[in-house]
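Work through the exercises below with the sequence and the model open. Try each task before reading its solution.

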Amino acid sequence: MQCRGSVLNSLFCFVLFPAAAMTGVGAEDDIPLCERKTVTDFCYLLDKSKQLFNGLRDLPQYGHKQWQSYFGRTFDIYTKLWKFQQQHRQVLDNRYGLKRWQIGEVASKIGQLYYHYYLRTSETSYLNEAFSFYSAIRQRSYYHQVNKENRPELVVKKLRYYARFIVVCLLLNKMDLVKVLVKELSEEIEDYTQRFNTEDQLEWNLVLQEVAAFVEADPLMILNDDNAVVVLSNRLQEGGVPPLEQGMVVGQLTLADALIVGNCNNQVKFSELTIDMFRMLQALEREPVNLATQSSKPGTLEPNEKPAKRENPHKYLLYKPTFSQLYTFLSASFKELPANSVLLVYLSATGVFPTGRSECEGPYDFGGVLTNTNRDVVNGEMVQKRSQAQKEMHCLHPGDLFSFTRKPLFIIVDSSNSTAYKNFSNLFGQPLVCLLSPTVYPKSMQGLLFCFVIQLIFKLSKNRLIPFIYRLLKLSCESIVT
């Protein structure tokens, strides 16, 4: 059986990389046993890493525990693969025909692992780890030779790498580097479309337009007394949290979970991140710490162990979710919310207004905010237009959230119909805060005004968001509901 496994691994290497046969991998009599074993072990690690990585998409997107062991195994195999190719680079170059873009592909997958682990845990330090691997790919020109090969699928890998790198740089506020990467991506797309007659040219041009609009919309300039621009981070900085006011008790409530929903029509976005979601998610995070300075030698490029404690509230980023998807994530967060903790729900969405005047004005008679209608299907067909007597089935009404007020709840509604939530009922006596946006804002604003104002408040208060929420929750505990 062991011999059969070796043969299968060798066949796998030969089929996946035909160039390896030209370097002598196929001529087993000419290869020393130790080198043959090195190639076989590398093929096994490469195949196993791809299997685990592809399995990530099958993991549940919600919940805190179901996916952790699988992520751990995936990290372990990629750590072994990365170190293995470093230790045996010469043998793999000579006997396997290892190319630099293949090394870049492994580094890119590790960067993706760190980024998705950040999305799962909200631990911003993993953004730095993803940045380290993405930056190394660019600095070491791992994808440089791709353009010389007549394989469009390899060029697409390079373009996707650039798009992922830009997202990480945006989240780390490295705007100068973002502009450089956008310029390089534009040149790569132009070269790609000229060399290959592909059908995805318009899609890649749309990516460029989205990121350009995103960069233009994001800057928020604050001037000091000398009219000089002050550069401030959107995140909480170490030591930036002010002392509690006299008489305030520590530890009564903790912000544990947050749902950040973006479903505004025609709003600036990049990837599946609207400008409002981008600003709000950073307001709920602390500045990232570089794990490399804590757990490995400076200057090395190796996957690191995860921190023992998560400092930031756990977040779900939902871009244009359907009602069923939104309710599923709400239920998962509600179920796993720890004791003495708060669930924050941020709704940046297009308003849905009632079609007519109802005789009784209840929690389903004022409209609400829109959820995605494109993917909700009934009996295999799209839902037809409702009559005026029926409620909008794709609307998140205030009454839809009443069941979640059994636990402490913090709601921020950023919508043209935010007033639908102004009479939000506190049925169970739990702490409840509801912040509502204005319904009219300047047309020149990129992103709704309320998010812009909240971000400005956070900046001017030196990112004191957590104490800000704590004070509001303290007020709600005293039966003051906004």
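Two strands pair if DSSP finds at least two bridges between them. Helices (H or I, at least four residues) and strands (E, at least two) are DSSP runs, numbered from the N terminus.

This is a predicted model: local features need pLDDT of at least 70, side-chain atom pairs count only at pLDDT 80 or more, and totals for chains, interfaces and linings use all residues. Residues are numbered from 1 along each chain as its sequence is written, and side-chain values use heavy atoms, with hydrogens and water left out.

**Exercise 1. Give the strand order of the open sheet and name its edges.**

Solution.
- Step 1: Read across the five strands; the order is β6-β3-β7-β13-β14. The pairing is parallel.
- Step 2: Find the strands that pair on one side only. These edge strands are β6 (314-319) and β14 (432-436).
- Step 3: Check the twist. From one strand to the next, it averages 10°. Axes here are lines fitted to C-alpha atoms, for helices over the stretch in contact, and angles run from 0 to 180 degrees between N-to-C directions.

**Exercise 2. Trace the bridges of β3 to β7 and to β6.**

Solution.
- Step 1: Take β7. Nine bridges link β3 to β7 in the parallel sense. Here Ile260 stands opposite Tyr346.
- Step 2: Take β6. Six bridges link β3 to β6, again parallel. Ile260 faces Leu317 on this side.
- Step 3: Ask about burial. Nine of the 10 residues of β3 are buried, so the strand is largely enclosed by the rest of the structure. Buried means under 20% relative accessible area, exposed over 50%, and partly exposed in between (1.4 Å probe, protein chains only).

**Exercise 3. Describe how β13 joins β14.**

Solution.
- Step 1: Locate β13 at residues 409-414.
- Step 2: Count its bridges to β14: five, with the two strands parallel.
- Step 3: Pick a facing pair. Ile412 stands opposite Leu435 in β14.

**Exercise 4. Which strands does helix α13 lie across?**

Solution.
- Step 1: Find α13 at residues 323-336.
- Step 2: List the strands: β3 (254-263), β6 and β7 (341-349).
- Step 3: Read the angle. Helix α13 runs at about 175° to β3.

**Exercise 5. How many disulfides does the whole structure hold?**

Solution.
- Step 1: Recall the bond. A disulfide is a covalent bond between the sulfur atoms of two cysteines.
- Step 2: Apply the cut-off, cysteine sulfur atoms within 2.5 Å. The search finds zero.
- Step 3: Look at two cysteines. Cys169 counts as buried because its relative accessibility is 0%. Cys395 counts as buried at 1%.

Notes:
Contact means heavy atoms within 4.5 Å.
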